[in-house]
2 protein chains.
Amino acid sequence: VVIGGDAGGMSAASQARRRRADLEIVAFERGDYTSYSACGIPYWVGGVVDSRDRLIARTPEVHRERFDIDVRLRHEVEGIDLDKRTVAVGGTNEPFDHLVIATGAVPIRPDLPGIDAEGIYGIQTLNDGEAVRRALDEDRPQRAVVVGGGYIGLEMAEAFVNRGLQVALVDLNPQPMSTLDADMGALVADALEEIGVELHRNERVEGFETRDGRLTAVATSEHTFPADIVVLGLGSRPNSALARDAGIGVGVTGGIRTDLRMRTDAEHVWAAGDCVETFHRISRRAVAFALGTHANKQGRVAGINIGGGYATFRGVVGTAVSKICSVEVARTGLGEQEAERAGFDPVTVSVESSTRAGYFPGAAPITVKMIAERRSGRLLGAQIVGKEGAAKRIDVVATALWNEMTVHEIEGMDLSYAPPFSPVWDPVLIAARKAAEAVEQT
Amino acid sequence: VVIGGDAGGMSAASQARRRRADLEIVAFERGDYTSYSACGIPYWVGGVVDSRDRLIARTPEVHRERFDIDVRLRHEVEGIDLDKRTVAVGGTNEPFDHLVIATGAVPIRPDLPGIDAEGIYGIQTLNDGEAVRRALDEDRPQRAVVVGGGYIGLEMAEAFVNRGLQVALVDLNPQPMSTLDADMGALVADALEEIGVELHRNERVEGFETRDGRLTAVATSEHTFPADIVVLGLGSRPNSALARDAGIGVGVTGGIRTDLRMRTDAEHVWAAGDCVETFHRISRRAVAFALGTHANKQGRVAGINIGGGYATFRGVVGTAVSKICSVEVARTGLGEQEAERAGFDPVTVSVESSTRAGYFPGAAPITVKMIAERRSGRLLGAQIVGKEGAAKRIDVVATALWNEMTVHEIEGMDLSYAPPFSPVWDPVLIAARKAAEAVEQT
């Protein structure tokens with residue numbers, strides 16, 4: 001039995017099927033869709049992607065016909081009985097030999113006056129995306145307020161601009177994209193303002209004004225913004241209530257605890273995706289990141305193990321990437337303050353370089369910030385903001401982090417060079433070189 | 001004293017200067033330019049880059065005024081006397097305390113009938129590039145033959161097409177770009193044929209027909225091609241004659257041997273760039289690759305050491321990248337046959353994927369071939385051919401190779417994902433996953 005029909009759950013199901021034709025596999029999904037790209041929702045809302053169905057990787061029919069997985073939509077599992085090995089769903093008790101919990105994340109929805117007014121949306125599921133699309137098409141809103149400056153908030157701000165709305169973004173932090181250090185976030189802020197997003201930093205939303213149950217304005221610590229539509233982009237937390245209620249171990253992050261093979265502490269119960277916590281290889285702490293790429297990998301690991309194979313999930317280094325307006329934004333490892341909180345004494349450098357040889361058409365600015373440990377020179381993290389061709393370089397840093405390299409080692413690496421792709425010193429190498437110099441001087 | 005005014009030599013000179021203001025530094029360059037991007041020449045010839053001067057990173061004046069380096073152009077060093085510590089140049093003997101040999105590479109120029117005819121060019125130096133530009137502008141050639149299907153040959157074939165010429169490419173190998181395995185080279189061949197380059201594979205050039213000392217045709221093992229202009233792209237070998245004549249150690253590759261700090265076996269004599277051989281970290285053999293990025297790094301290492309610092313060059317993994325017509329091409333590590341020759345038993349996989357999420361505008365095909373060692377699963381190399389956004393992914397593989405990772409380790413890595421940048425499984429991860437499966441099955 002699989003609870004949750006998206007990345008984590010369905011990867012587990014299809015991998016288990018691949019290794020064991022004899023298993024009966026049932027997946028319960030409370031929504032209307034399976035295996036879709038939640039990350040693609042803002043692009044569909046904004047019109048960059050033209051059809052909802054293109055976001056769906058595998059429909060219930062495909063799961064059923066190609067993988068012999070019995071997918072039941074609009075079925076919400078209400079409880080897990082570990083002793084009887086059953087789940088309660090739709091008034092009956094479904095027995096299991098193996099259970100996969102892939103219940104995803106719940107969006108953070110603060111308990112503010114007016115929060116339940118019509119016109120206030122989250123962007124968590126494809127159903128949410130549909131609701132926003134419908135509101136845009138039917139209600140023709142003019143003024144949007146986005147609450148929260150994380151990835152989804154910023155992508156939604158851009159989507160609204162693309163749809164012709166006036167957009168204000170209200171963020172509690174000194175700069176949007178607070179997963180970056182503030183100096184790098186400032187570059188993202190510039191890109192947002194360039195397309196006309198009105199940015200309000202260090203501002204707390206205190207409530208929503210309504211008329212006849214419909215949103216009319218957003219009240220913050222500083223302003224009142226008239227608004228026809230609001231999107232909440234305040235992040236999410238692991239949806240682990242079902243597991244916790246069943247007595248399955250949940251960690252300090254609120255995510256379900258698993259071992260390397262994605263086993264929970266209950267026998268024959270596995271978990272994968274946004275509902276679990278995992279291991280941060282640099283801070284060495286438990287973390288919960290809601291990212292489809294982890295969900296896919298973890299689900300695959302669970303499925304292989306259920307199917308009798310051997311696979312492990314070895315943690316994360318905190319890599320993330322996004323395209324916000326004209327800039328590409330990426331990060332991996334620890335930021336400056338995160339490094340300090342983890343107990344490191346960080347040395348940081350920032351370099352401005354070019355995505356291609358300076359003389360080559362299309363060469364565009366790229367800023368790389370790199371963070372290393374004082375004395376040892378060990379790489380701790382990096383952040384990149386730049387134009388086309390900038391962000392994917394973060395994967396080099398992620399790979400270096402994975403291998404616990406020092407910045408001294410990185411500066412000598414044999415990365416590719418040709419004028420259409422890089423200056424003769426790749427920006428990542430320049431950053432490592434400067435970081436190595438900074439480490440030597442401290 | 002520095003012999004050679006390009007990447008290796010001038011990086012050494014400026015790094016030494018940075019650490020020691022008191023040094024007298026003289027650099028002898030036999031050509032007309034210093035510190036230019038040789039890799040940019042085909043783009044300038046083809047008109048993608050509009051001015052020769054944009055290829056020059058630092059003019060002699062900059063070296064002189066900003067770095068106090070006495071650059072002497074059109075000065076060819078004729079000999080090195082290790083006992084007296086002098087170099088013979090322009091009829092005098094110039095004394096040195098430290099000598100940097102950065103004499104670059106000599107293009108391979110087979111001793112064929114007619115090879116010295118007017119109309120036959122190499123593409124090695126900026127002077128060569130100027131000669132070809134002049135020929136294109138003044139002689140208005142119609143038919144070009146490119147001999148050799150390596151990076152420079154292919155880039156020149158494209159440049160000639162851009163300039164409106166009919167282009168035939170003659171290559172001894174079964175596929176162009178023989179630094180790739182033939183199956184990947186075939187994808188490059190398709191891209192060349194798409195823009196109208198006439199490809200002749202497995203064909204050997206046997207001589208050049210001339211009239212009044214001017215080229216008229218190229219005779220191969222199979223055909224006679226009328227030609228107004230020929231470019232030789234047959235690769236190069238280390239220009240180590242000066243060093244060898246002075247008794248400095250030269251390796252089996254023909255490159256000058258150095259230690260990690262870029263010291264030759266003669267005291268106070270250093271070497272850097274295309275004239276040296278280096279260590280291949282995967283085959284564990286000496287190799288000589290003529291690449292500006294290595295030259296810059298090696299020169300920098302030599303200069304830091306001359307200046308009293310400590311730096312090392314830790315070898316290469318064989319990374320290279322190029323843009324050929326509509327495709328991006330990259331490789332790192334060992335190819336299938338190279339792996340066999342080095343003694344490995346390789347397992348190879350190829351995967352076709354997409355540069356972005358399939359539904360995201362601009363998603364384009366990418367093929368990744370990955371080579372791993374049987375049994376251990378150790379990564380040995382990879383090759384990538386694809387459209388925009390494909391090639392720079394090779395740096396992830398290069399970083400993984402540098403760290404001697406297995407494909408099993410790679411498949412779990414935390415690489416960045418967002419729809420504008422990658423499918424939820426990055427093509428590199430998919431290739432590693434398939435390679436890991438292939439290793440398990442053998």
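Predicted model: local features only at pLDDT ≥ 70, side-chain atom pairs only at ≥ 80, totals over all residues.
Reader: Let us begin with α1 and α8 of chain A. At what angle do they pack, and how far apart are their axes?

Author: Helix α1 (residues 7-19) of chain A packs on helix α8 (residues 292-306) of chain A at an angle of about 30°, and their axes are 7 Å apart. Because angles under 35 degrees count as roughly parallel, α1(A) is roughly parallel to α8(A).

Reader: Is that crossing left-handed or right-handed?

Author: The crossing of α1(A) and α8(A) is right-handed.

Reader: Which residues of α1(A) meet α8(A)?

Author: From α1(A), the residues are A:Ala7, A:Gly8, A:Ser11, A:Ala12, A:Gln15, A:Ala16 and A:Arg19. Among the residues they meet in α8(A) are A:Gly292, A:Ala295, A:Gly299 and A:Gly303. By class, this contact of α1(A) with α8(A) has 7 nonpolar, 7 polar and 2 charged residues.

Reader: And in chain B, what are the angle and axis separation for α1 and α8?

Author: For α1(B) and α8(B), the angle is about 30° and the axes lie 7 Å apart. That makes α1(B) roughly parallel to α8(B), and the crossing is right-handed. The contact includes B:Ser11 and B:Gln15 in α1(B), along with B:Asn296 and B:Arg300 in α8(B). Its residues divide into 7 nonpolar, 7 polar and 2 charged.

Reader: Changing topic: how many residues of α12(A) are buried?

Author: Of its 14 residues, 12 are buried, so α12(A) is mostly covered by the criterion of under 20% relative accessible area. Among the buried residues are A:Leu429, A:Ile430 and A:Val439, as well as A:Arg433 and A:Glu437.

Reader: What do those buried residues pack against?

Author: Within chain A, they pack against β23 (346-354), β24 (365-373), α10 (394-402) and α11 (407-411). They also pack against α1 (7-19) and α8 (292-306) of chain B.

Reader: What span does α12 of chain A reach?

Author: Helix α12 (residues 427-440) of chain A reaches 20 Å from its first C-alpha to its last, close to the 20 Å expected at 1.5 Å a residue.

Reader: One more residue, B:Gln383. Where does it lie, and is it buried or exposed?

Author: B:Gln383 lies in strand β25 (residues 379-386) of chain B. B:Gln383 counts as buried because its relative accessibility is 1%.

Reader: Which residues is B:Gln383 in contact with, leaving aside its neighbours within four places in sequence?

Author: With those neighbours left aside, its contacts include B:Leu180, B:Asp181, B:Met184, B:Arg331, B:Lys369 and B:Ile394. The C-alpha atoms of B:Gln383 and B:Ser350 are separated by 9.1 Å, with the two residues 33 residues apart along the chain.

Note on methods: Residues numbered from 1 in each chain as written. Chains lettered and ligands numbered in written order. Heavy atoms only, no water. Axes fitted to C-alpha atoms, helices over the stretch in contact; angles between N-to-C directions. Helix = DSSP H or I, 4+ residues; strand = E, 2+ residues; numbered from the N terminus. Parallel < 35°, antiparallel > 145°, perpendicular 65-115°, else oblique. Left-handed = near helix turned anticlockwise from the far one by under 90°. Contact = heavy atoms within 4.5 Å. Nonpolar A, V, L, I, M, F, W, Y, C, P; charged D, E, K, R; others polar. Expected span 1.5 Å × (residues − 1). Buried < 20%, exposed > 50% of the residue type's maximum accessible area, 1.4 Å probe, protein only.
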